[in-house]
Amino acid sequence: AEVTEERKTKAKDEYGQQKAPESNELGGWQDVSPAESPDGSFRDTSEYVRSEIRLMEKQQAELDERAVRMESELRRCMQSDSGDGGKREEELMQQWFAIINEKNAILRRQNELHLLEQADDLEKRHELLNRELRKLLSVEDWQKSPQDKYREEMLLKELYKVVHQRDEIVQIQDTQQQRAEEEDATVQKALSTTKLFKGNKEADGSSAAQCVVQ
């Protein structure tokens, strides 16, 4: 009996009086908060996410078109014997890597939006479960029916499950952030390598020209 009472007291402390978490408790989504509608009120998160994803898809399509054109021009430039081809090739390579960075940013943004939607669903579920559990916990034990007690146990399990799922979302976001930093570093390294290779080619060409003059 003492163990049961202690458990219920703990449940009241953890869930009965738990405040709705701030945005930064779920990984800090301040940069992906729902935008305000024209009348100044916040739109539904799902509506916001759908709107943002449509925008991301449009930007993705535009980037794909730019990438196709740039790849074609880059191939022509690499096959050209023109004296200005090398400089243009370097410019195109830099633009190419810039497109890659933009595409990666869009993919990361889409992932953030999906996480935001999942977090919002969990918040709503947590609120509903918490409300029902508080109502049951406010009733004395001797007044509860077997169905009430069973429902109370199920609500506790569901609430623990929701908390665990929220923790998983935070871990996923941390992993994605780390992966994003690694991808950015890889692109920057490739860009630096391209510039270094270009600089070596120009230096070799200058040395060869000096030898011919001598």
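The side chains of Arg88 and Glu91 come together in a salt bridge, with 3.2 Å from N to O. This pair belongs to a predicted model, in which the protein has 4 helices and 0 strands.

**Overall build**

- Read from the N terminus on, the elements of the protein follow the order α-α-α-α.
- The protein has 214 residues, and buried residues make up 28% of them.
- The accessible surface of the protein comes to about 14,800 Å², and carbon and sulfur atoms account for 50% of that surface.
- When contacts between residues at least 6 apart in sequence are considered, 75% of them join residues that are at least 24 apart.

**The Arg88 and Glu91 pair**

- Arg88 and Glu91 both lie in helix H3, which covers residues 85-137, and because they are 3 residues apart there, about one helical turn separates them.
- Arg88 is partly exposed, with a relative accessible area of 29%, and Glu91 is likewise partly exposed, with a relative accessible area of 32%.

**Salt bridges around Arg109**

- Arg109 forms a salt bridge with Glu112, and the closest N and O atoms of this pair are 3.9 Å apart.
- Arg109 and Glu112 are 3 residues apart in helix H3, so they are separated by about one helical turn.
- Arg109 counts as buried because its relative accessible area is 16%, which falls under the 20% cut-off for that class.

**The Glu152 and Lys144 pair**

- Between Glu152 and Lys144 there is another salt bridge, in which the closest N and O atoms are 2.5 Å apart.
- Glu152 has a relative accessibility of 3% and therefore counts as buried, while Lys144, at 9% relative accessibility, also counts as buried.

**Nonpolar cores**

- The largest nonpolar core has 18 residues, of which Tyr48, Val49, Leu92, Phe97, Ile99 and Leu113 touch the most other members.
- The elements that give two or more residues to this core are helix H2 (45-79), H3 and helix H4 (146-213), and H2 gives the most, with 9 residues.
- A second, separate core consists of 12 residues, including Leu115, Leu122, Leu129 and Ile169.

**Contacts across the sequence**

- Ile99, one of the core residues named above, touches Leu63, Arg66, Ala67 and Met70 when residues up to four places away in sequence are not counted.
- Gln110 is found in helix H3, where it is buried with a relative accessible area of 17%.
- With residues up to four places away in sequence again left out, Gln110 touches Met56 and Glu57.
- Gln59 lies in helix H2 and counts as partly exposed, at 30% relative accessibility.
- Although Gln59 and Ile106 are 47 residues apart in sequence, they are 8.0 Å apart in space, taken from C-alpha to C-alpha.

**Confidence in the prediction**

- The mean pLDDT of the protein is 75, and 68% of its residues reach 70 or more.
- Among the elements of the protein, H3 has the highest mean pLDDT, at 89, whereas helix H1 (residues 2-16) has the lowest, at 46.
- Over residues 7-42 the pLDDT stays under 50, and for this stretch the model has 62 contacts beyond four places in sequence.
- Over residues 205-214 the pLDDT also stays under 50, and here the model has 0 contacts beyond four places in sequence.
- Where pLDDT is low, the predicted coordinates should not be read in detail.

Terms used:
Residues numbered from 1 in each chain as written. Predicted model: local features only at pLDDT ≥ 70, side-chain atom pairs only at ≥ 80, totals over all residues. Heavy atoms only, no water. Buried < 20%, exposed > 50% of the residue type's maximum accessible area, 1.4 Å probe, protein only. Contact = heavy atoms within 4.5 Å. Areas by Shrake-Rupley, 256 points an atom, 1.4 Å probe, with all protein chains shown as cover. Salt bridge = Lys/Arg side-chain N within 4 Å of Asp/Glu carboxyl O. Core = buried A, V, L, I, M, F, W, Y, C linked by side-chain atoms within 4.5 Å. pLDDT = per-residue confidence, 0-100.
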